[in-house]
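Dear colleague,

I am passing on the structure we spoke about, and below it you will find my notes on what turned up when I went through it. Please read them with the coordinates open beside you.

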Amino acid sequence: MFKFPELVINIEKIKENARKVVQLCSENSIEVWGVSKGLSGNPRVARAMLEGGCVGIADSRMKNIVSMKEAGIDGPFMLLRIPMVSELDLVAKYADVTLISMKETISLLEKACRKEGRQCEVIIMVDVGDLREGIWPDEAEDIGNVLRGCEFVKFAGVGSNLGCLSGVIPTAENLTMLVETGKKIANMVGNPLKYVSGGGTSSLKLVEDGIMPPEVNQLRIGEAILLGTDVTRDRVIPYLHDDAIEVCAEIVECRRKPSSPIGEVGADAFGNVPHFEDRGIRFRAIAAIGRQDVRLEGLTPLEEGLEIIGASSDHLTMDAEDMKNKLKVGDVIRFKVDYGAMLAASTSRYVNIRIVS
Ligand SMILES: *Cc1c(COP(=O)(O)O)cnc(C)c1O
C-alpha cells in the first residue's frame with residue numbers, strides 16, 4: 001500500500017527524553033506536562049510521554065485531545081491554546097485544565113462546565129513580554145473578580161509563554177513578574193496558587209542553570225522531548241536524543257543536469273523568483289516529497305553529500321553529485337526535521353507514520 005513519504009517516530013527515544021526532562025525538573029520540584037501537538041496528538045507518543053513520567057498531556061487542539069481520549073489515553077489533558085468560544089462545550093467535556101486569558105471566555109466556560117456537570121481548572125496566561133496571549137499584570141484584580149464568582153471553573157494558577165511569537169527569552173526577571181501576578185490573583189480568589197507554569201522548552205535552560213525562580217512548579221515541554229532541541233536558544237540539548245524523529249522519502253529520478261535553468265526565468269509554482277548558482281552539470285535526484293507533505297526549509301538530509309535545491313508541491317530536487325554512493329531510483333533517503341517540518345509532516349494526510357522502538 002502507500003509507504004512513502006514516511007514520518008518515523010522512535011518511541012523509545014521519546015520516552016527516554018521525557019524521563020530525562022522529568023528527572024531534571026523533579027529535582028527542582030517542577031512537574032512536566034508532555035506537549036503532543038508537534039505530532040498531532042499521536043496517542044502512542046502521548047503514552048510514551050506519560051510512561052516517561054510526564055504528569056499529563058498538553059495539546060493546543062481539542063481535536064487532538066478528543067482523539068487521544070478516544071484512543072484510550074486517560075490524560076489528564078491540558079488545552080494549550082486559549083479556547084475558542086465555539087469549542088467551550090468540548091473543553092468542558094474533555095479538558096482537565098485549560099490556559100485562558102479573557103474574562104468573557106471564563107464566564108462562558110463556567111456556563112459550559114455547569115451544563116456538563118464537570119469542573120475545569122484554569123491557568124491564567126500572563127503576558128510578560130512575548131506579546132502573544134496573556135493578561136497584563138495590572139489586570140490581575142479584574143480577572144480575580146471574575147474567577148471568584150465561578151463555581152465550576154477553578155483558578156489553578158498562572159502561566160507564561162515565552163520564546164513563541166517574539167522569541168523573548170525567559171529569565172528570572174520576567175518569570176518573577178509572573179509569580180507576583182499569580183499571587184495577586186490567588187489572594188483575590190482565595191484559592192492557593194497551585195501552578196506557576198513557566199513556559200516550554202525555552203525555559204528548561206533556567207532549570208539546568210539553577211536560576212529558575214523557586215515558585216515555578218510546572219513546565220509544558222514539547223520540542224525538547226520530541227526533538228532534543230531548543231530552537232529559541234539555538235541549541236541541541238546535550239543530554240537528550242536529537243534523532244527520535246525522521247522523515248523518509250523515495251527517489252523517483254536521478255539524472256545529470258545543468259545547475260542553472262535553461263530559458264527565461266519567471267516565478268516558481270509558489271510565486272517566488274528562484275535564483276540558482278551555476279555549478280556546471282551536476283548529478284541531481286528527485287524525491288517524491290514536497291510542500292504538501294513537509295516544510296522543506298526544515299529538512300536536513302542525513303546522507304552526506306546530498307543537498308536540497310528546492311521543492312514544489314510534490315517534488316524535492318537535490319544535488320547528489322558529492323555523494324559517495326550514487327543514488328538510484330527506488331532508494332529511500334532520510335532527513336532530520338525541525339519543529340516546523342515535523343508539525344507539517346504529521347499534519348499532512350499524505351505522510352505515513354511509522355512507529356519504531
Ligand atoms: C506549544 C506550546 C508549548 C510547548 O512548547 P515547546 O517549545 O514545544 O516545549 C507550551 N506552551 C504553549 C502555550 C504552547 O502552545
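The buried residues of helix α5 pack against α4 (88-94), β5 (97-100), β6 (120-125), α6 (140-148) and β7 (153-159); please bear in mind that this is a predicted model. The residues of α5 that are buried are T105, I106, L109, E110, A112 and C113. An α-helix has 3.6 residues a turn, so residues three or four places apart point the same way.

As for the geometry of this helix, α5 covers residues 103-116, and its 14 residues should span 20 Å at 1.5 Å a residue, which agrees with the 20 Å that separates its end C-alpha atoms. Just after α5 comes G117, which takes a positive phi of about 70°.

The other part I looked at is the ligand site, where 13 residues surround the ligand, and K37, T201, R220, G222 and E223 are the closest of them. Sorted by class, this shell consists of five nonpolar, four polar and four charged residues.

- T201 places a polar side-chain atom 2.6 Å from an oxygen atom of the ligand.
- G222 has a polar backbone atom that is 2.8 Å from an oxygen atom of the ligand.
- E223 likewise has a polar backbone atom 2.8 Å from a ligand oxygen atom.

On its own the ligand has 390 Å² of accessible area, and the protein covers 90% of it.

Notes:
Residues are numbered from 1 along each chain as its sequence is written. This is a predicted model: local features need pLDDT of at least 70, side-chain atom pairs count only at pLDDT 80 or more; totals for chains, interfaces and linings use all residues. Side-chain values use heavy atoms; hydrogens and water are left out. A residue is near a molecule or strand if one of its heavy atoms lies within 4 Å of it. A polar contact is a pair of N or O atoms within 3.5 Å; within protein, one must be able to donate a hydrogen and the other to accept it, and residues adjacent in sequence count only if both atoms are side-chain atoms. Accessible areas come from the Shrake-Rupley method with a 1.4 Å probe; for residues, only the protein chains shown count as cover. Ala, Val, Leu, Ile, Met, Phe, Trp, Tyr, Cys and Pro count as nonpolar, Asp, Glu, Lys and Arg as charged, and the others, Gly among them, as polar. Helices (H or I, at least four residues) and strands (E, at least two) are DSSP runs, numbered from the N terminus. The expected span of a helix is 1.5 Å times one less than its number of residues. Buried means under 20% relative accessible area, exposed over 50%, partly exposed in between (1.4 Å probe, protein chains only). Contact means heavy atoms within 4.5 Å.
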